[in-house]
Amino acid sequence: MADTVDARGLSCPQPVILTNRKMKEIGKGIFQVLVDTETSKENISRLAQQLGWAMEVKQEKEECQIILKKD
Amino acid sequence: MSKATQFFGSRWGMISAGVFVGVFAPLLQHWGNPGNMGICVACMERDIAGALGLHRAALVQYIRPEVIGFVLGALIAALLFREFRPRGGSSPVVRFFLGFFAMIGALVFLGCPWRALLRLAGGDGNAILGLAGLSVGIWIGVLFLKSGYTLGRSQKEMKFAGWIFPMVMVGLLGLLLLAPQFGRTPEGVLTGPIFFSQKGPGSQHAPILISLIIGLCVGFLAQRTRLCTMGAIRDVILIRSTHLLSGILGILIAALVVNLLLGQFKAGFSEQPIAQTNQLWNFMGMALSGLAFALAGGCPGRQLFLSGEGDGDAAIFATGMIVGAGFAHNFSMVSSPAGVGAYGPMSVMIGLIFCLIIGFTMREKIA
């Protein structure tokens with residue numbers, strides 16, 4: 001995937017800030033966020049809900065790929 | 001399990017964690033803890049520092065079982081829900097000193113963010129200035145965060161690394177129960193190495209088992225819900241999210257109700273328990289703490305819960321707070337009901353300068 005926000009290892013609230021920034025930057029479309037804590041996943045899911053982005057989560061062991069989409 | 005996860009992640013989960021703290025903190029006070037100090041992470045870590053002899057302020061020395069419970073309760077939750085992830089290496093020295101100065105700010109105000117809420121819920125008007133300072137400190141932290149501030153990424157660590165801090169807590173529990181006395185004064189009188197206050201706030205405590213169980217429950221709930229006072233204010237400013245805020249409103253309202261029911265509510269500014277009335281330094285102390293918490297990514301409670309999940313960076317912050325408490329008392333920085341300490345204002349200014357330097361210099365392009 002071309003657009004990736006790598007938020008692995010970053011502490012709260014940086015994953016949310018980076019995701020939020022990306023959402024504002026592209027306005028709509030698709031990108032992925034990589035996180036490695038449940039907290040980051042939950043926070044990004046709340047942000048996506050708040051801003052109307054559809055979300056798909058792929059959990060791989062301790063890492064998690066979140067695909068965010070908005071038409 | 002997934003239903004439980006869903007509930008804890010919801011707004012009602014967050015509110016229930018806040019209400020739990022808000023109900024049991026005043027009850028802990030009722031059962032013996034000091035005034036408006038049913039739960040105060042900063043004060044309790046300060047008492048632990050004193051009990052270990054890191055400072056010798058005779059009135060505030062006790063190994064608070066609540067703190068032990070916070071870490072171990074979070075550990076249990078993290079293990080049960082498969083979130084125990086030993087990690088670390090995100091600017092540990094910076095985090096140590098953020099914890100160090102956060103404690104100094106908290107001891108100038110006389111409380112952590114939770115105690116600020118509990119003091120307000122007990123009618124202590126001085127807490128308003130503290131909460132205002134806390135908010136301003138966090139707001140400054142948000143400005144740094146928005147402009148690219150970061151302490152860098154943490155790395156996965158070996159499993160054992162994550163167990164060290166919880167094991168330290170088990171060790172503290174042992175010291176609390178055994179309270180060994182094998183030190184000697186020059187006159188040959190038995191003293192230390194564990195010190196418990198005979199009078200003053202350190203001598204006031206609920207029964208050990210009750211404190212420990214409540215601590216464990218709070219640790220468990222807070223790990224699941226991610227309850228964080230600093231985060232609550234930060235998220236409102238940063239992303240207009242009121243999720244965490246609903247938790248701290250739960251604390252405030254529940255504590256107010258329970259205080260009224262128990263007859264512990266006393267409105268006013270003067271003669272409040274373990275409080276001082278110099279409003280400038282109530283504000284500045286908490287502004288320093290708020291900034292340090294924002295730069296470190298969590299209030300002192302949250303740092304303990306993260307430590308229980310295996311987060312070594314949070315454990316370093318908590319250790320910095322405990323060491324900071326030792327220095328704060330030894331160097332006359334702490335406030336007392338008589339007013340601010342001789343070197344309190346100066347050390348708050350040094351702490352603010354430190355945090356500002358960190359905020360301006362620690363940044364990188366990480367996207």
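Gly123(B) counts as partly exposed because it has 18 C-beta neighbours inside 10 Å, and a residue needs 20 or more to be called buried. Keep in mind as you look around that this is a predicted model. You will find Gly123(B) in the loop between H6 and helix H7 (126–146) of chain B. Leaving aside residues up to four places away in sequence, Gly123(B) touches Phe265(B), Lys266(B), Ala267(B) and Gly268(B). If you step back along the chain to Pro113(B), 10 residues away in sequence, the C-alpha to C-alpha distance from Gly123(B) is 16 Å.

Why can H3(B) be described as largely enclosed by the rest of the structure? The reason is that 11 of its 11 residues are buried. Among them are Val41(B), Met44(B) and Ile48(B), but also Glu45(B), Arg46(B) and Asp47(B), which count as charged residues. The surroundings of H3(B) are helical: its buried residues pack against helix H4 (65–80), helix H5 (92–109), helix H6 (113–121), helix H8 (159–178), helix H13 (300–308) and helix H14 (312–330) of chain B. After H3(B) comes Gly53(B), with a positive phi near 80°.

Now for the other chain. In chain A, four strands form an open sheet in the order S1-S2-S4-S3, with mixed pairing. Strand S1 (4–6) and strand S3 (54–60) are the edge strands, each pairing on one side only. From one strand to the next, the twist averages 20°. Strands of a sheet pair through backbone hydrogen bonds, in either a parallel or an antiparallel way. For S3(A) and strand S4 (residues 63–70) of chain A, the pairing is antiparallel and covers 7 bridges. To see this pair in the model, find Gln59(A), which stands opposite Cys64(A) in S4(A). The sheet also has a helix to look for: helix H1 (residues 14–26) of chain A lies across S1 and strand S2 (29–35) of chain A, and runs at about 170° to S2(A).

Finally, how do the two chains meet? Here 21 residues of chain B are in contact with 20 residues of chain A. On the chain B side, helix H10 (residues 229–239) gives the most, with 4 residues. Sorted by class, this side of chain B has 6 nonpolar, 10 polar and 5 charged residues.

Terms used:
Residues are numbered from 1 along each chain as its sequence is written. Chains are lettered from A and ligands numbered from 1 in the order in which they are written. This is a predicted model: local features need pLDDT of at least 70, side-chain atom pairs count only at pLDDT 80 or more; totals for chains, interfaces and linings use all residues. Two residues are in contact if their C-beta atoms, placed from the backbone, lie within 7 Å. Helices (H or I, at least four residues) and strands (E, at least two) are DSSP runs, numbered from the N terminus. A residue is buried if 20 or more other C-beta atoms lie within 10 Å of its own, exposed if 12 or fewer, and partly exposed in between; C-beta atoms are placed from the backbone. Two strands pair if DSSP finds at least two bridges between them. Axes are lines fitted to C-alpha atoms, for helices over the stretch in contact, and angles run from 0 to 180 degrees between N-to-C directions.
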